Amino acid sequence: EPVPGTTFRYLGGIVGRATGAIDGCENRGEIRISTDATGRTIQYVGGVAGYAAAVTDSANRAGLTVATTQADTTIGYIGGVAGMCTSASGCINSGVVTGTAPAGAAKTTLMGGIVGSVSGAVNDCFATGAVTGTSFTTVGGLIGSARAMTSCYSAAEVTGGKTMGGQDRAGVCWTILSDRASRAMAYVGMTRARDENHVAIY
């Protein structure tokens, strides 16, 4: 049913906002957030937590969908495990993460299979759920934006976004692609990390 109000800040499968650490949590419930109303703001959405400090050894196993039909809807951070956090370690996402908005919508969305945006490091995380961001700014199989990543991999199919990850991340990036992957997808996989980039074809 419709929820009154225009701004929805913290939305998560287990917790909306955690000022401390989250450890060993798992979400298996599907999350669907949609709006046809104008002037809405949806800020932090995650399978486990909308916003958290450190997230460790946690997993999302279900689908997460954020959708709007209105171009003036503002959507902030979407992640399979957390919308935003200070660090992530040992996390898994196998759920499909989907964001849909009309063309020309004014957003600066950061969207990732594990986390939308991480202010610190990401370690030992992997994602297999597809990530699709229609009309969204930045879409990543693992992370929309992070300062550093180590020992992480994604086997997720990534679609949409004006950019997919960044080329200024310290560490090593592994990308797993099917034999049907495009040349553009291979290029993205080979240019994400500053230290080493590897692509495996299956």
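1. Trp 174 is partly exposed in this predicted model, at a relative accessible area of 42%. The residue belongs to strand E23, residues 170-177. Together with Tyr 153 and Val 172, Trp 174 makes a nonpolar surface patch of about 260 Å².

2. 5 of the 5 residues in E9 (residues 64-68) are buried, so the strand is largely enclosed by the rest of the structure. In a regular strand, side chains alternate between the two faces of the sheet. Here both faces are covered: Leu 64, Val 66 and Thr 68 are buried on one side, and Thr 65 and Ala 67 are buried on the other.

3. Which strands pair with E9? Strand E5 (residues 31-35) runs parallel to E9 and is joined to it by 5 bridges; within this pairing, Arg 32 stands opposite Thr 65. Strand E13 (residues 97-100) also pairs with E9 in the parallel sense, over 4 bridges, and Val 97 of E13 is the bridge partner of Leu 64.

4. Ala 130 sits in the loop between E17 and strand E18 (131-134) and is partly exposed, with a relative accessible area of 25%. Leaving out residues up to four places away in sequence, Ala 130 touches Gly 95, Val 96, Val 97, Ala 156 and Glu 157.

5. The largest nonpolar core has 22 residues, and those with the most contacts inside it are Ile 114, Val 115, Val 122 and Ile 143. At least two residues of this core come from each of strands E7 (49-56), E11 (82-89), E15 (115-118) and E21 (148-154). A second, separate core holds 16 residues, including Phe 8, Ile 31, Ile 42 and Ala 101. In soluble globular proteins, nonpolar side chains tend to be buried together.

6. What does Ile 143 contact beyond its neighbours within four places in sequence? The residues are Met 111, Gly 112, Ile 114, Val 115, Gly 116, Val 118, Val 122 and Met 149.

7. Two backbone angles deserve a check. Asp 124 has a positive phi of about 55° although it is not a glycine. Asp 124 lies in the loop between strand E16 (121-123) and strand E17 (126-127) and is partly exposed at 47% relative accessibility. Ser 151, also not a glycine, has a positive phi near 55°. Ser 151 lies in strand E21 and is exposed, with a relative accessible area of 55%.

8. The structure holds 3 salt bridges. Glu 26, Arg 28 and Arg 61 are linked in a network of salt bridges. Between Arg 28 and Glu 26, the closest N and O atoms are 2.6 Å apart; between Glu 26 and Arg 61, the N to O distance is 3.8 Å. Arg 28 is exposed at 63%, whereas Glu 26 is partly exposed at 37% and Arg 61 is partly exposed at 35%.

9. Arg 32, the residue opposite Thr 65 in E9, forms a salt bridge with Glu 30, with closest N and O atoms 3.7 Å apart. Arg 32 is exposed, with a relative accessible area of 62%, and Glu 30 counts as exposed at 56%.

Technical notes:
Residues are numbered from 1 along each chain as its sequence is written. This is a predicted model: local features need pLDDT of at least 70, side-chain atom pairs count only at pLDDT 80 or more; totals for chains, interfaces and linings use all residues. Side-chain values use heavy atoms; hydrogens and water are left out. Buried means under 20% relative accessible area, exposed over 50%, partly exposed in between (1.4 Å probe, protein chains only). Two strands pair if DSSP finds at least two bridges between them. Patches are made of residues with over 30% relative accessible area and no salt bridge: like charges are joined within 9 Å, nonpolar side chains (Val, Leu, Ile, Met, Phe, Trp, Tyr) within 5 Å. Accessible areas come from the Shrake-Rupley method with a 1.4 Å probe; for residues, only the protein chains shown count as cover. A salt bridge is a side-chain nitrogen of Lys or Arg within 4 Å of a carboxyl oxygen of Asp or Glu. A nonpolar core is a set of buried Ala, Val, Leu, Ile, Met, Phe, Trp, Tyr and Cys residues joined through side-chain atoms within 4.5 Å. Contact means heavy atoms within 4.5 Å.
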